[in-house]
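This report describes the cavities, the pockets and the ligand site of the structure shown below.

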Amino acid sequence: MYQVTSLKAEEFISDQEIRETLAYADENCGNAEAVGKILEKARQRKGLNHREASVLLACTDEEVIQQIYQLAEQIKKDYYGNRIVLFAPLYLSNYCVNGCVYCPYHLKNKHIARKKLTQEEIVREVTALQDMGHKRLAIEAGEDPVNNPIEYILECIDTIYSIKHKNGAIRRVNVNIAATTVENYKKLHQAGIGTYILFQETYHKESYEKLHPTGPKHDYAYHTEAMDRAMEGGIDDVGLGVLFGLEMYRYEFAGLLMHAEHLEAVHGVGPHTISVPRVKHADDIDPSAFDNGISDDVFAKICALIRISVPYTGMIISTRESQAVRERVLPLGVSQISGASKTSVGGYADEEPEEVTSAQFDVSDQRTLDEVVNWLMRMNYIPSFCTACYREGRTGDRFMTLCKNMQILNCCHPNALMTLKEYLEDYASEDSKRIGMALIERELEKIPNSKVRETAAAYIHDIEGGKRDFRF
Ligand code: SAM
């Protein structure tokens with residue numbers, strides 16, 4: 001039985017409800033009146049539920065698809081402006097006891113180099129990341145209670161926050177580790193993490209169990225109910241995602257939105273972010289072994305539909321995607337991207353020889369952070385290193401309120417410009433600096449509140465004089 005407020009995985013992600021949703025979508029996707037009503041609801045910024053969004057996903061009419069894209073672009077502009085937040089993943093350890101068939105960390109993989117960073121190695125990694133200009137990290141680790149217990153993760157977080165190198169600082173640490181207990185989520189919350197990210201991989205229970213044949217991750221219910229435990233533990237920014245390519249994308253898409261609706265219904269706040277990773281080639285893994293891969297067209301449509309269905313949820317694209325694909329989906333609603341990522345353990349401080357790789361998967365976008373920043377600015381985006389909301393306690397529904405009241409231009413916009421200015425002063429190439437200074441001048445004018453505009457301009461002037469870390 002489908003029950004959005006149930007705390008049982010199989011009730012809030014009901015297989016029957018998803019099947020009925022897909023049948024409903026097939027029945028209605030050719031019905032112009034029904035489709036028109038759904039588009040109208042989205043136009044009013046009311047979001048869409050999983051049934052409505054699934055109808056649009058099933059639509060093949062090119063005119064409807066173009067309307068979806070236009071609407072997604074407009075909603076992105078209205079709520080997020082032209083800011084794109086930048087982050088990097090930091091792999092702490094690839095020891096793992098699970099058997100995930102798509103991931104090279106799986107226990108049976110004997111030829112991947114197993115590595116776990118010491119605290120000294122973390123200092124080297126974080127220093128290298130700070131020297132690029134990163135301020136926001138997502139830490140990643142395999143699941144291994146002996147090698148990577150929660151105490152290790154907490155120690156790493158402490159170390160990361162403590163490193164101050166030149167003008168560098170990591171101001172927000174997001175965490176992507178395996179599903180855990182309420183007690184452990186409380187500890188992560190107390191350690192000052194930003195978002196807790198956990199990809200569902202697939203919402204299809206039967207496939208989930210086959211794709212995770214062994215290890216603690218095999219337990220579908222424990223994994224699917226993790227976000228409820230995280231929220232019970234005090235973490236109110238959580239990040240969802242499915243690994244596209246594992247199951248049928250229409251099934252996943254409906255499940256993803258049902259999960260978001262569930263969090264909103266139970267905790268009063270939906271997911272902070274949604275990630276849209278696609279399966280990549282990796283050591284011991286051939287993505288063509290998964291026959292549910294999605295094309296770039298379908299991928300773009302999914303991104304646009306996420307944007308119009310959950311307008312207040314950030315959307316993340318990693319370096320799994322190429323520059324070309326990222327360029328295509330950025331205007332459709334993406335709010336965060338990673339840059340200059342390494343998926344190997346220790347890969348920022350030391351280049352790994354190819355024959356002893358510890359990497360999780362191949363990265364498509366291999367540009368440096370400065371190249372990514374430069375590219376964004378040339379397309380008129382503001383690369384943002386902002387971490388202000390979380391540091392000002394604007395998490396969960398408090399961030400949503402800012403978004404819903406359209407205060408982004410008086411708050412996030414100046415914060416983005418100030419953090420970009422820090423980047424330009426401390427890390428940018430001459431060319432990026434030149435483009436960036438002009439961009440900041442132009443973008444300052446867009447701040448509606450004159451007092452905020454003047455203060456932001458004064459702070460930016462102070463940054464040039466050597467001061468750092470201003471925020472609204
Ligand atoms: N061990 C944790 C867990 O189980 O959730 C941490 C996550 S892992 C370091 C990060 C994510 O990488 C996984 O959730 C999975 O979706 C993704 N991933 C694994 N193998 C991949 C592959 N071959 N291609 C692309 N993404 C992959």
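## Second largest cavity

The lining of the second largest cavity comprises nine nonpolar, eight polar and four charged residues. In this classification Ala, Val, Leu, Ile, Met, Phe, Trp, Tyr, Cys and Pro are nonpolar, Asp, Glu, Lys and Arg are charged, and the others, Gly among them, are polar. The model is predicted: local features need pLDDT of at least 70 and side-chain atom pairs count only at pLDDT 80 or more, whereas totals for chains, interfaces and linings use all residues. Residues are numbered from 1 along each chain as its sequence is written, and side-chain values use heavy atoms, with hydrogens and water left out.

The volume of the second largest cavity is about 320 Å³. Its lining consists of 21 residues, and R83, V85, R136, H272 and F399 are the closest to its centre. At least two lining residues come from each of β1, α16 (388–391) and α18 (408–426). Helices (H or I, at least four residues) and strands (E, at least two) are DSSP runs, numbered from the N terminus.

## Largest cavity

Five cavities of 30 Å³ or more are present in the structure. On a 1 Å grid over the protein atoms alone, a cavity is a set of points where a 1.4 Å probe fits but cannot get out, while a pocket is an open set with protein on both sides within 12 Å along at least five of seven lines; lining residues have an atom within 4 Å of a point. Grid points are joined across faces, edges and corners, and a volume is the space filled by probe spheres set on the points.

The largest cavity has about 770 Å³ of volume. It is lined by 44 residues, with E140, N176, F199, R320 and Q360 nearest its centre. The strands β1 (83–93), β2 (136–141) and β7 (314–317) each contribute at least two residues to this lining. By class, the lining holds 24 nonpolar, twelve polar and eight charged residues.

## Ligand site

The ligand sits in the largest cavity, a placement that requires more than half of its atoms to lie within 2 Å of the grid points. It is surrounded by 19 residues, of which Y102, E201, K217, K280 and R320 are the closest; a residue is near the ligand if one of its heavy atoms lies within 4 Å of it. This shell divides into ten nonpolar, three polar and six charged residues.

Polar contacts are pairs of N or O atoms within 3.5 Å; within protein, one must be able to donate a hydrogen and the other to accept it, and residues adjacent in sequence count only if both atoms are side-chain atoms. A polar side-chain atom of E201 is 2.5 Å from a ligand oxygen atom, and a polar side-chain atom of Q360 is 3.3 Å from an oxygen atom of the ligand. From K280, a backbone N or O atom lies 2.8 Å from a ligand nitrogen atom. The protein covers 97% of the 580 Å² of accessible area that the ligand has on its own, as given by the Shrake-Rupley method with a 1.4 Å probe; for residues, only the protein chains shown count as cover.

The largest pocket has a volume of about 690 Å³. Among its 28 lining residues, K342, S344, E351, A359 and Q366 are the closest to its centre. This lining has nine nonpolar, nine polar and ten charged residues.
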